[in-house]
Amino acid sequence: MTLQICVAQLNFVVGDMVGNAARIVDVARRAYADGARLVLTPELSICGYAAEDLMLRPAFIDACDDALKSISRSLADLKDLHVVVGHPQGGGLRTRSVAVTRRHNRASVVSQGRVVAHYDKRELPNYQVFDERRYFTPGSAPCVFEVEGVRVGLLICEDAWFDAPARETRDAGAQWLAVLNASPFHAGKSSEREQRMRERVQECGLPLVYTHLVGGQDEVIFEGRSFALDAQGSVVMRAPGFVESTMHLSLSLQEGRVQPAVTVGQALAPLPAPEADLWDALVLGVRDYLGKNGFKRAVLGLSGGIDSALVLAIAVDALGADMVHAVMMPSPYTADISWLDSREMVSRLGVRYDEIPIAPLFDGFRHALADQFRGLPEDATEENIQARIRGTLLMALSNKTGAIVLTTGNKSELATGYCTLYGDMAGGFAVIKDVLKTRVFALARWRNHHDPYGTGSQPIPERIITRPPSAELRPDQKDQDSLPPYEVLDAIIERYMENDEGVDALVADGFEPADVEQVTRLIRVNEYKRRQAPVGIRVTHRSFGKDWRYPMTNRFRA
């Protein structure tokens, strides 16, 4: 006895219930024609993940209910097909009249025009970017249903990270586990996820199919890479990462045990190198944020430095050269090599390029403020004026053309406040806000040796990578004039900010006390800047976004 399964790794749009439902129906019909009798979609596939406080709107829940009914009707003519879809259940206007106000994160099994089974997620994550206890009530019972003689046990994402839900589903008669997921990406998460599911399989003795979401949603990325494990925990199927995919899998029932096998011709996608994974995440994040929000073009300030060069290369891979506009805005302190390297890079990539000197505008500001500043030495004020002139010019181009401004600041700068409010922080999307400076260099070197999207090899001139970083806002300026070396700075940020290690532990491990004090103080006092920064792509397990919630007014020092 063999059951054919389609694992539908799809990219949904939050709030587009009609469009998402149509995609599910289309995939299900094509899968049925190819012989599948069970189609698995990701967690909350009808409404997209994460819908955040839209979940609190009764009309939103009603629209999800309507989409579920539409899927059921549209597939009613397909005999024996079962489609598992994720959606919120409860709390809509129509359910309030019967006092059903609890809301669940649900997976429903649709077959021949009706819902034949459902499962409510039990383990609701409330850490990192997750906030599910704000929206959902946990379920309490397993769900096992039968398709062509094979008993399927449902779980949703976090449930499979704990022993009890899988064990109780097995005890309820399941012969294999189908897990619906929307598990946000961060570096290293794919291998961690597979290892945890391997532990689950070995603990409960059942094969497992992990259906995962793909796509970008605001700051969060879902990398796809759905997979299947046999009862011994070996990977028998892995979908590619960062792209949509429909993988076909057969489950054969032999002596009461289920054995999964991949349909002939479907390769086991490899787990790539860390830099390749990170690059794909950043490219997908740019492409989906712009595409899902109606932006066709991007504009960015190109300085001749490594951060803006990296963002330009990412934008071209994500959007294509014809959709990217680079603008060089030299000041009196811009080095000649910055001009030359910027011109060289745009010629390699073929993007539109313009130069707008800011010296006349800068002189105008200084003249207008001369009386106010009389007798006072030049300092960071004049540096910030230059950055804000550039931000104003980029935003003017954005307003006039409809292109979104991509900011170019990295995580090291955002952590320490080495950036200017309403200046280089001005824009609509912060591409590398979760990428430390040392990783910026590593990504630039990686991209110069790889051409994953066919936009050209070695897009970044070597001198941009090798020259000392500088904001070029005053004569002979270098980043290390104000900050510790990036190797030290980034190590402190990673341990203090990402891993919650304390000041004393860092000093005990050999960091200079002055460096630790400087970096941790800068992190604390610049929270007000980060609150005003644009949203950007999350690629670590802790970013300056949804999973960083520190007060601006704060005297805690440890």
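Six strands form an open sheet of mixed pairing, in the order E6-E7-E8-E9-E12-E13. Strands are DSSP runs of E with at least two residues, helices are runs of H or I with at least four, and both are numbered from the N terminus. Two strands pair if DSSP finds at least two bridges between them. Strand E6 (144-147) and strand E13 (235-238) are the edges, each pairing on one side only. On average, neighbouring strands are turned by 20 degrees against each other, direction ignored. The model is predicted: local features need pLDDT of at least 70, side-chain atom pairs count only at pLDDT 80 or more, and totals for chains, interfaces and linings use all residues. Residues are numbered from 1 along each chain as its sequence is written, and side-chain values use heavy atoms, without hydrogens or water.

Strands E12 (residues 227-229) and E13 run antiparallel and are joined by three bridges. Leu229 has Val235 of E13 as its bridge partner. Helix H4 (residues 163-171) packs on the sheet and touches E6, strand E7 (150-156) and strand E8 (176-181); contact means heavy atoms within 4.5 Å. The direction of H4 makes about 160 degrees with that of E7. Axes are lines fitted to C-alpha atoms, for helices over the stretch in contact, and angles run from 0 to 180 degrees between N-to-C directions. Helix H5 (residues 189-204) also packs on the sheet, touching E8, strand E9 (208-212), E12 and E13. Its direction makes about 30 degrees with that of E12.

Helix H5 also contributes to a pocket. H5, helix H6 (274-292), helix H13 (437-448) and helix H15 (486-498) each supply at least two residues of the lining of the second largest pocket.
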